[in-house]
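Hi everyone, thanks for coming. Have a look at the structure on the screen, and I'll walk you through it.

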Amino acid sequence: MTYPDKEDIQAQAIAWHLRLDDEDEAAWDEFALWLAADPRHNAAYEAVHDADLALNPAIAVARQDSLARALLGDASAAGQGGGAERRSGTYVIEPPARRRWMWPAMAASLALAAVGTWVVVAGMGQQYSIVTAPGETRSVALADGSRIMLNGGTELVLRKSDPRVAELRSGEAQFSVHHDAGRPFTLTVGNQRVVDVGTVFNVRSGALGLQVEVAEGAVRYEDGAIRLRLNAGDTLRASGDRLVEDRRSPADIGAWTRGKLVYRDAPLVEVVGDITRARGIAIELGSDLSQTKFTGVIQLDGDNAALRKRVEALIGAKVTETGDGWSITP
C-alpha cells in the first residue's frame, strides 16, 4: 500500500479548511470520512487551524498600518489592504475581502485524543454531535480558542454557527473556555445552564444528576430562577430539587484528563461509574456496597488486570473478573 506523504496530507488539510469555510453543508459528511481514513489527517488539520489563528495578530497590525497610511494620504498603499475612499474630508477604509482560511465561527477541529476510530459525527446541520464510547476520550478545539475534553460515554452537541454554545446530553467533559464578556460561553444540560465567567470547569451528567466543578475562574449555574456563582474550588451537585454545594482542591478537578480519579467520601457507585466511563469496563456493584464511601486516588494507567488489583486494594472489597467485566462484592 502507498501512503500519502506529509506534504500531500497538509495540502488536503488546507483544502478542507477552505472548503468548510465556504459553509458547504454537503462537505461535512465527507470531512468526517477523511478524518477517519488516516490518523494523521486530524493532526494535520489542527495544525492548519492553529497556524491560521496565529496569523490574526499580524493581520490586525497590518490593517492598522494600512489605516495609518490612508490617513496620511497614501491611498494607493492602503488600497492593497482593502481600499481607501475619501468621503466628506475623511478616509473610509473598506475592509478587505473576508479571509477564507478562517473557520466560520464554529468548532475548528475535532482532535482524536485516544487510540480508536472516528465513530460518530452526527447531525451535520446547524448542530452536530460528538459521541465517545466508554473508555474513549476526545479533545475538541473551538474557533474562539476554547477547548473541550470529552470523557468516555459522553455525547456533546455543538453548533456550527456559534462556538459559544454547547449542550452536554450525557457523560462528562472538561471545558477550558476563552473568556469573552460580550459573548459568554453557555453550556446547557437538560433544563439547566452553566455560563462561563472566564474559567476551566468540569461537568458530569448522569443517573446521579448534574455535577459542576470549577478548577479556574468562575461559572454561573442557572436553573429557572436560581442563579449561583461558583468560583475556583467550588462544586455543585444538582439532582431534582436538591442542590449540594461543596469545596475541593482545584488541582483535583478534572483529574481524569491526567489519568487519575480523586475522591473524598465519594459513594462507590460514583467510583464505579467513573471507572466504566474512563476504561469501558462494565462493573457490577453489590447493592450492599452502593453507598459505601471511598477516599483516595485511583491511577488509571496499566492494563485492566493491573487496574483491577489496584482498585481491589484501595476500596477494600473483592473485585472479580467476569465474562463481561468486573463484579465487586464485600
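A word on ground rules. This is a predicted model, so please keep in mind that local features need pLDDT of at least 70 and side-chain atom pairs count only at pLDDT 80 or more, while totals for chains, interfaces and linings use all residues. Residues are numbered from 1 along each chain as its sequence is written, and side-chain values use heavy atoms, with hydrogens and water left out.

OK, the whole chain. There are seven helices and 20 strands. Of the 330 residues in the chain, 42% are buried. Buried means under 20% relative accessible area, exposed means over 50%, and partly exposed is in between, using a 1.4 Å probe and protein chains only. And contacts, meaning heavy atoms within 4.5 Å: among those between residues at least 6 apart in sequence, 47% join residues at least 24 apart.

Now the inside. A nonpolar core here is a set of buried Ala, Val, Leu, Ile, Met, Phe, Trp, Tyr and Cys residues joined through side-chain atoms within 4.5 Å. The largest one has 27 residues, and the members that touch the most others are Ile148, Phe175, Leu187 and Phe201. Strand 12, residues 209-223, gives the most to this core, with five residues. Apart from that core lies another, of 23 residues, including Trp256 and Ile328.

Let's zoom in on Leu187. Not counting residues up to four places away in sequence, Leu187 touches a list of residues that includes Leu156, Phe175, Phe201 and Val203. Glu167 and Arg193 are also among them.

Next, the pockets. The search runs on a 1 Å grid over the protein atoms alone: a pocket is an open set of points with protein on both sides within 12 Å along at least five of seven lines, a cavity is a set where a 1.4 Å probe fits but cannot get out, and lining residues have an atom within 4 Å of a point. Points are joined across faces, edges and corners, and a volume is the space filled by probe spheres set on them.

The largest pocket holds about 800 Å³ of space. Its lining has 36 residues, and Gln211, Arg237, Arg264, Ala266 and Glu270 lie nearest the centre. Which element gives the largest share of that lining? Strand 16, with eight residues. By class, the lining has 13 nonpolar, eight polar and 15 charged residues. For the classes, Ala, Val, Leu, Ile, Met, Phe, Trp, Tyr, Cys and Pro count as nonpolar, Asp, Glu, Lys and Arg as charged, and the others, Gly among them, as polar.

The second largest pocket has a volume of about 220 Å³. It's lined by 14 residues, with Arg204, Gly206, Ala207, Leu208 and Arg277 nearest its centre. Helix 6 gives the most here, five residues, and the classes come out as four nonpolar, five polar and five charged.

Is Asn202 buried or exposed? Asn202 is buried, because its relative accessible area is 2%. It lies in strand 11, and its side chain makes a polar contact of 2.8 Å with that of Glu172. A polar contact is a pair of N or O atoms within 3.5 Å; within protein, one must be able to donate a hydrogen and the other to accept it, and residues adjacent in sequence count only if both atoms are side-chain atoms.

Val297, in strand 18, counts as partly exposed because its relative accessible area is 37%. Its C-alpha atom is 6.8 Å from that of Lys260, 37 residues apart along the chain.

Finally, Asp265 in strand 16 has a positive phi of about 55° although it is not a glycine. Most residues other than glycine have a negative phi.

Notes. Helices (H or I, at least four residues) and strands (E, at least two) are DSSP runs, numbered from the N terminus.
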